[in-house]
Amino acid sequence: MAARAAYEQGKFWEYHDKLFANQQKMTHDDLVRYAREVDLDVSRFESSLTAARTKPVIDADAAEAKSLGATGTPAFFINGRYLSGARPFTDFAQLINAELVRLKIPVPPAAAAPQAPAAGKGGG
């Protein structure tokens with residue numbers, strides 16, 4: 001709800017970054033301090049936070065994620081296929097290429113070719 005309150009003042013991403021950098025410090029006082037640090041109108045921020053008018057939106061998002069099987073973040077869906085957690089690029093490429101093949105869409109040659117090590121890197 002705090003991030004939504006920051007969004008209402010056009011500072012979602014700045015506030016998001018504060019939250020992400022301070023995941024172990026999320027008390028009410030911490031949230032207000034972060035609001036101050038990103039130059040939010042603190043009384044407006046607290047009013048929004050206390051009113052909890054964004055709670056139904058957040059609850060709906062959480063319910064949708066749960067219905068899709070997403071239990072944490074990050075969560076990705078590619079053509080309805082679920083990838084959970086931080087994953088390497090190759091996992092995404094394999095899933096995207098498999099979807100292209102399934103849909104009978106040509107896989108671009110560069111995407112189908114194995115990634116060669118950059119010059120000057122690796123053995124030799």
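1. In this predicted model, Glu37 and Arg33 lie about one helical turn from each other, because they are four residues apart in helix α3. The two side chains form a salt bridge, with 3.6 Å between the closest N and O atoms. Glu37 is partly exposed, at a relative accessible area of 41%. Arg33 is likewise assigned as partly exposed, with a value of 33%.

2. Asp30 forms a salt bridge with Arg33, and here the closest N and O atoms are 3.0 Å apart. Asp30 and Arg33 are three residues apart in helix α3, so about one helical turn separates them. Asp30 counts as buried because its relative accessibility is 11%, under the 20% limit.

3. The salt bridge between Arg81 and Glu99 has its closest N and O atoms 2.9 Å apart. This pair links distant parts of the chain, with Arg81 in strand β2 (residues 81-84) and Glu99 in helix α6, 18 residues apart.

4. Helix α3 spans residues 28-37, and its buried residues are Asp30, Leu31, Val32, Tyr34 and Ala35. After α3 comes Asp39, which has a positive phi, near 65°.

5. Ser48 belongs to helix α4. Ser48 counts as buried because its relative accessibility is 4%. When residues up to four places away in sequence are not counted, Ser48 touches Ala5, Glu8 and Arg53.

6. The structure holds four aromatic pairs. One of them joins Phe12 and Trp13 in an edge-to-face arrangement, with 4.9 Å centre to centre and 85° between the planes. Phe12 counts as partly exposed at 25% relative accessibility. Trp13 is classed as exposed because its relative accessible area is 56%, over the 50% limit.

7. Phe76 and Phe92 also form an edge-to-face aromatic pair, with 4.9 Å centre to centre and 85° between the planes. This pair links distant parts of the chain: Phe76 is in strand β1 (residues 75-78) and Phe92 is in helix α6 (residues 89-102), 16 residues apart. Phe76 is partly exposed, with a relative accessible area of 31%. Phe92, at 19%, counts as buried, since the class takes values under 20%.

8. The largest pocket has a volume of about 660 Å³. The lining comprises 19 residues, of which Phe12, His16, Ile58, Asp61 and Thr73 are the closest to the pocket centre. Which element gives the most to this lining? Helix α5 does, with five residues. Helices α1, α2 and α5 (55-68) each supply at least two residues of the lining. By class, the lining has 11 nonpolar, five polar and three charged residues.

9. Pro108 is placed in the loop between α6 and α7 (109-112). Pro108 is partly exposed, with a relative accessible area of 43%. Pro108 and Asn97 are 11 residues apart in sequence, and their C-alpha atoms are 8.8 Å apart in space.

Technical notes: Residues numbered from 1 in each chain as written. Predicted model: local features only at pLDDT ≥ 70, side-chain atom pairs only at ≥ 80, totals over all residues. Heavy atoms only, no water. Buried < 20%, exposed > 50% of the residue type's maximum accessible area, 1.4 Å probe, protein only. Phe/Tyr/Trp six-rings, centres within 6.5 Å; stacked < 30°, edge-to-face > 60°. 1 Å grid on protein atoms, 1.4 Å probe; cavity = no way out; pocket = protein on both sides within 12 Å on 5 of 7 lines; lining within 4 Å. Points joined across faces, edges and corners; volume = space filled by probe spheres on them. Nonpolar A, V, L, I, M, F, W, Y, C, P; charged D, E, K, R; others polar. Contact = heavy atoms within 4.5 Å. Salt bridge = Lys/Arg side-chain N within 4 Å of Asp/Glu carboxyl O.
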